[in-house]
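Please examine the sequence and the structure shown below.

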Amino acid sequence: MEPRASVTSFKDIPVRRWSLRSSCSLPYGSFANSLASLAPDAEEKPAISPKRAYVTMFVLCYVNLLNYMERYTIAGVLTDIQKFFDIKDSTAGLLQTVFICSFLLLAPLFGYLGDRYNRKYIMIGGLSVWLLTATASSFVNESQFWLLALLRGLVGTGEASYSTVAPTIISDLFTGGKRSIMICIFYIFIPVGSGLGYITGRGFASLTGDWHWALRITPIMGAVGLILMIVLCPNPPRGAAETHGEGVTEQSSYLEDVKYLLKNKSYVWSSLGVTALAFLTGALAFWLPNFLSRARVYQKLSDKPGDSSDSYIFGAVTVATGILGGALGTSLSRRFRDKVPNADPLICAVGMLGSVPCLFITIFVASASIPATYVFIFLGELLLSLNWAVLADILLYVVVPTRRATAEALQITVGHLLGDAGSPYLLGVVRK
């Protein structure tokens, strides 16, 4: 059950509206009743101590790192898996597709629960399912590809519960510029975890001579994360950061929440941007190491696909661009937000559009020069990484606290359904 706390409704909060030309203007599209934005000079009375907030932030980032390590570990050993099960590219692409499908189908359920019940318990339950199914997937044999696919789908349960709820907890621990920084740090662990997934997956497979061990390292680390979450993570009142620790409650049906979000233009357009980003990054993340390995064979730099160096290098590039791009995107946002009301969507648009020529060039130079290919991959991923933290911050300041988990869930569902749920498989079909 949700612990009782001192709460207030947004209907009771006095509204002060600022012009977009005001020196203390709101971020573009932000909801009018945010006390954090409307009264930035007011004395803050956090619901929990700053020290505990930072400890919670550490635990949430650690688990987020593991989520994305586990998601892309399988991509680091994809060539080994194809050989083990004797499957084609299109079938191999289904491993990521079933994971994403499970993730997106369950996200609305956890979004509904996350706006109404104890968020800590929801994350603990989801993470427990994730640990069990991820561990089980590492014990399949060559005649059980269907079981591997099923378990990969069930692994999505953990990420669906965590990804919808964790950002809303961060939004209730911090506000203003500090929240932007914390969201940036949290989302930096998406590319960092993805990159480490390639590296650890390939590394443990090479070390043990068995790709199954690549799928066992993250559950071991995840057990530590589960214990830390149980012991250290609180469940702050919703809207605590905006109401100086009091929290916000607002009784509404799920249908009313959805209608509210569909009328929120900033939320709708930013969600479409997330969808486009997910489609592109999902396909790139799953297939690029394999693509680079085959490019080496084409250039006669290697005898057969599966050169482990590509997983290591691509993983390192993903980590570096994730950190640099996330930090750069947030820095630009904080610098220009007060001067340019729509700075955040402009940063995202520049990053997305700027990555297009870099990725096109990557396709054509791969047949001639591997180093040049990595240069353009670096530039393309750097520009794409400008988006992650900024898009997440946009959602938190354009949606009221009592509907943020639902907003996260619907954005995840649409973004993955029309994005990376199908893009790995579609690209596999094209390359078949």
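The largest cavity has a volume of about 600 Å³. A cavity is a set of points, on a 1 Å grid over the protein atoms alone, where a 1.4 Å probe fits but cannot get out; lining residues have an atom within 4 Å of a point. Grid points are joined across faces, edges and corners, and the volume is the space filled by probe spheres set on the points. By this rule there are 6 cavities of 30 Å³ or more.

This is a predicted model, in which local features need pLDDT of at least 70 and side-chain atom pairs count only at pLDDT 80 or more, whereas totals for chains, interfaces and linings use all residues. Residues are numbered from 1 along each chain as its sequence is written, and side-chain values use heavy atoms, with hydrogens and water left out.

Which residues lie nearest the centre of the largest cavity? They are Tyr68, Arg71, Ile190, Thr281 and Trp388, from a lining of 35 residues. Two or more lining residues come from each of helix 2 (50-76), helix 6 (145-171), helix 7 (176-208), helix 10 (265-298), helix 11 (308-336), helix 13 (370-385), helix 14 (387-398) and helix 15 (404-417). Helices here are DSSP runs (H or I, at least four residues), numbered from the N terminus. By residue type, the lining of the largest cavity divides into 21 nonpolar, 10 polar and 4 charged residues. In this division Ala, Val, Leu, Ile, Met, Phe, Trp, Tyr, Cys and Pro count as nonpolar, Asp, Glu, Lys and Arg as charged, and the others, Gly among them, as polar.

Side chains of opposite charge can pair when their charged atoms come close. The structure holds 9 salt bridges, a salt bridge being a side-chain nitrogen of Lys or Arg within 4 Å of a carboxyl oxygen of Asp or Glu. One of them joins Arg71 to Glu159, with the closest N and O atoms 2.2 Å apart. Arg71 belongs to helix 2 and Glu159 to helix 6, so this pair ties together parts that are 88 residues apart in sequence. Arg71 counts as buried because its relative accessibility is 2%, where buried means under 20% relative accessible area, exposed over 50%, and partly exposed in between (1.4 Å probe, protein chains only). Glu159 is likewise buried, with a relative accessible area of 1%.

A further salt bridge is formed by Arg403 and Asp257, whose closest N and O atoms are 2.7 Å apart. This pair links distant parts of the chain, 146 residues apart: Arg403 sits in the loop between helix 14 and helix 15, and Asp257 in helix 9 (residues 254-262). Both Arg403 and Asp257 are buried. Together with Arg116, these two residues are linked in a network of salt bridges.

Asp393 and Arg337 also form a salt bridge, with 2.8 Å between the closest N and O atoms. Because Asp393 lies in helix 14 and Arg337 in the loop between helix 11 and helix 12 (343-365), the pair ties together parts that are 56 residues apart in sequence. Asp393 is buried at 5% relative accessibility, and Arg337 is buried with a relative accessible area of 14%.

What, finally, forms the nonpolar patch on the surface? Leu94, Phe279, Tyr425, Leu426 and Val429 form this patch, with about 410 Å² of accessible area together. Patches are made of residues with over 30% relative accessible area and no salt bridge; like charges are joined within 9 Å, and nonpolar side chains (Val, Leu, Ile, Met, Phe, Trp, Tyr) within 5 Å. Accessible areas come from the Shrake-Rupley method with a 1.4 Å probe, and for residues only the protein chains shown count as cover. Helix 16 (residues 423-431) gives the largest share of the patch, 3 residues. Val429 is found in helix 16 and counts as partly exposed, at 38% relative accessibility.

Conventions. On a 1 Å grid over the protein atoms alone, a cavity is a set of points where a 1.4 Å probe fits but cannot get out, and a pocket is an open set with protein on both sides within 12 Å along at least five of seven lines; lining residues have an atom within 4 Å of a point.
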